[in-house]
Structures are given as C-alpha cells and as structure tokens.
Amino acid sequence: MRLSRYLIPTLREAPSDADNVSAKLMQRAGMIRKVAAGIYEWLPLGLRVVRKVERIVREEMDRIGGQEVWLPVIQPKELWEETGRWKVYGKELLRIKDRKAGEFCFAPTAEEVITDLVRREIRSWRQLPAMFYQFGLKFRDEIRPRFGVMRAREFLMKDAYSFHADDSDAGRYYEQVYQAYQKAFTRCGLRFKPVEAQSGAIGGSFSHEFMVLAETGEETVVACASCSYGANLERAECKAPKAPAPEEPAKLEEVHTPNMGSVAEVAQHLGMPPAKFLKTQLYMADGVPLMALVRGDHELNEPKLQRAAGAALLDRATEEQYKGIAGCDVGFAGPVNLPRWKNPQGQMVTVRIIADLALQGLANGVSGANRRDTHLKGINAGRDFQADSFADLRSATPADPCPRCGGPVEFTKGIEVGHTFKLGTKYSKSMNASFLDPQQKSQVMVMGCYGIGVTRVVAAAIEQNHDDNGIKWPVALAPFTVVIVPVEVDDDAVRSAANDLYKQLWERGVETLIDDRPERPGVRFKDADLIGIPLRVVVSTKTLKDGEIEFKRRDGAQPERLKLDVALERLFDWSQPMPAPPVAA
C-alpha cells in the first residue's frame, strides 16, 4: 500500500476530549474519528487492526468446534420479557419502536436471540453439545461514555454461546473456551491475566475476566504472588479474620455525636479505632429494605452484597427511604433496636441485616443509635442485634492474604477484554430451551457464554504498548508489518530499490506500507512511529552507496544496516507473528 494514496490523516495533537492514551493515539494516528459521544468511525488503518484481532479469535473459536452465525442487532421486546431482562437491564438498553409501534431493543448482548434460535432448531441429545459464535455490533447506552473505544456505546464484540446436556459437559467445554482465550490473547501479543469475576447483568454461577495488564487500566486486579489465584476487585475473596482476643462485654451506652455522621468523625470524637465501628449502609433489594454492615475500616463491595442478598435489583436507599427505614437522618442508622419498616401495602416488615464476616463475634463496637446526633457504644453481636446472615461483603485490601494459599497478594491495573460465564439454565429454563435425552425425556439445556470485546482489544493493546512517540504494535496486530521510507523520493535509484523491496515483501506475504509522500524524512519517520509499524526500512542514496538499507525495529533503540541481498529474508523472518497452534486431533 502506498501512503500517498492511503487515508491516514495523522494529527499533531489529540482532540481535547480524548481522555486516555489509546483514545489520543488512535485519533492522532488516523485510526478512528468521533461521530458522537461513544460512537466512532473506523478508518482504513484502524479497521485493519480490528480484522487482525477478528481473524485470530475466529481461528481459535473454529479450533474448538465453534460454528459462526450472524444474529440480528434489533431484537423484539417479547424475547427479553421471557427472561425478565426487559426491565432489569436498565437504561443501558436502547429501546426503540418500529412504524407499527412494536417494541424492540438494540442488542447489548445476544442471550435471548441465540436461545430462541437453538430451542427451535435443536431437539435431541444427539445434537449436543453445540457452540455458536458471531462477530456483531453491540450498543449499550452508557451514561458517561469515555476512554475512546474502550468505554464506547457502540462496539464490535465476539459473543459465543454453548449448549449442553448437563453441567459436567458444560464445565468441560468451559475449560476448552478458557484455554482458547488464553491462546488468542497470547497470539495477539498481549500480557494478560485471567481472573475470577462477577457475572453482572449476564448472570450465571461463575465467570472469568481476561485482563490486559496496563498501568492505565480502569479495573483493579488482585493476584497472588505465590499461586495462580486472581480476581477483579469486585470478586476478590476476603476470608474471615482470626477471632479477636476476648473482651468483657460492656453495657450499651448512648453518646451525643452532634453533626457527626461518618465513621472518621465519630472515631476521632470518641478516641476509638475505626475497626471498632459498624459501618451501616441501607439499600432497597428488590423493593425490600436491607441493612449492610461492614467494619469501620473496611469498604462495602456492592456486587458482593447483591450476590449475598440474592437480589436482582439493588439500589442505595434515597434520603427519604433512609429516614423511613431507620427513623433518623442519614449517618445515624444502626442495627440495635432497628424499627420495623412499613411497606407500600401498609404491612410492618422486619428489616433484613447482612453483616460482613469480620463482624462475627464483634465486642463492644460502635454504631448509630437510629436517632439524630446519637451513637451507641458497647455493641456486642448476638447480644444486642442479630444479623440474618454473615457473608463476605467487603473489598479486598493489599493487606489481605490470598484466599487460596494464604500468600501475599499484589494489586495491579487491568483492562477487561474478554469474559467467560457459566450460565447454567438461567436462560434455557425461562425460554424453555429443552431437548430429548436418550430415554426420550425432556431436559433443559445447560449453557455457557463467552465474549471478547474486539474493538476493546485494539485499544487495550495500545494502552499496553506505546511510548512518547506513539503506538508500538505487537506484530500480530499491526496494520502493516513493514514501512519503507525512500528518503529521496525523486531519485531514480532510491525509488527503484524501494519499489523492488516493497513488491518482494508483498509477494512473500509481508504487509508493507511505502511512504512515498513528498514530505521531509523527519515528518515521515514521526508518522511511522506514531502509527506504530513494527519494522521501518530506510532507503537512501547514502545506504545504497554501500549496497545496504537501514533497518529499525519500532521497539528497538538504534537502527541497523542490512545488505540488500539478505534484507528480504531477514525482514521476512522478523515480520512473522506467533504461529497458530496445531489443530487437536
């Protein structure tokens, strides 16, 4: 490809609203252009990278028996109502109507439509297991799209769904997909870590996120330094601490705490450590009040609370709801003598209390007294209040040991590029996706779900591979592998040598860009570094005088010289990405 005829509109400065490294570099390198908030055009250079990711992922899905399909992005309301997600999914679901007032959504995911397809086409156990995947456009109406294509509203995703006769087979196949994902991201040249994760709106019993490790990552990864354990911060387990030294239970005592609603304020006022406090937060879980308790020096983890509560919808109580539940102003609620709540039907309901594991056996703690400007001292769990259940509710800290081996953990930053889910029968049961077993009895299919954010992989690769001059593509993802810069574009010998090498490289299958623009060499070198071509070749009268070309790796420090008679073979060898693994027998 000749750069003089190729649309690569590079920019010296990134747009002012570009808010992370990849967003800045992708726009400066002429890969994307913004159309609206969270919606981007992909230009030729950027689309080449997208197709590289897509090809690698497709090969790995085919390798484990996946069958590619193309599913609609506009999906009818009726399918989403069958699973109950039409209302649950929230405002991220873009709802639309057609000319006949029929209600549809622009799919953020495809569980309903693929389950509908399978329930109509698969009838027998002999047709199982089966896995179907697609590369499809998705739309999620993010309230605040940011980070360029990493948190865009419109994006390209590979989503796959497997269907099985039982849990055992689903678990076996889940492991195959897990391994295929590791191969795909390794072939992409990325440094990544699979971690345990929350299932979120997709649902299911268990899931893993595949995190590209980068200092600019938006998520926190908790990883053991001694074993293979890893989890995102939402999922990272916290074991119950060792039982504290026994204390003589004190009497309950009210203390005046005027305008002191936070743990820090009351702890300073009383001269007590935050670890002695019960931090209280009130929620509405599926429309019913819930009090969550964590230790004063810990932070509540809402996804953990939602899982412990078994709630489809979990919302922080509004100020009005808070006052209605606790009978006091915000900041003064507590579990002791908590009043009963009057529901919309006029019935008096006991407020459910879930406490963190660290509060088991609490002695002589402090919490709000359900009265303005008042706290209680001397609270003892079991004597003064009864939690309905204890669960792991808090966010892990660097001081927490690994929940598997007890070793130290490390906190790093990561970017989610893939997610695998064990769905079980969440969708197949509600949509009656069943099959006939060998005894001709109807059984519900067991499902798995596996996604890769293709356009997000592109951005994550840049977040992980860049410097002050621009992008540093892994060879497997680079839009072009080699860029040839003829310094004196009007010199016949330079132009002829550059064109000969350009043609020979393409004939050998090496994707090559020749920068034949009438620009100064410095401008062209800067553009080559900005767009991140892994190998740069300079042809000039100076190098040709010695029968050589100048060669520089994008991630190398100094240029090297190569003789013309060996340049082709050496460039071919250096340009080869990691090969695909052999197909299993």
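Guide: Helices here are DSSP runs of H or I with at least four residues, strands are DSSP runs of E with at least two, and both are numbered from the N terminus. This is a predicted model, where local features need pLDDT of at least 70, side-chain atom pairs count only at pLDDT 80 or more, and totals for chains, interfaces and linings use all residues. Residues are numbered from 1 along each chain as its sequence is written, and side-chain values use heavy atoms, with hydrogens and water left out.

Visitor: What order do the strands of the open sheet have?

Guide: The five strands go 30-29-31-32-33, with mixed pairing. Two strands pair if DSSP finds at least two bridges between them.

Visitor: And which are the edge strands?

Guide: Strand 30 (512-514) and strand 33 (560-563), as each pairs on one side only.

Visitor: How many bridges link strand 31 and strand 32?

Guide: Four, and the two pair in the antiparallel sense. Arginine 536, for instance, has lysine 552 in strand 32 as its bridge partner.

Visitor: New topic: what does tryptophan 473 touch?

Guide: Leaving out residues up to four places away in sequence, its contacts include Met31, Val49, Val458, Ile462 and Pro534.

Terms used:
Contact means heavy atoms within 4.5 Å.
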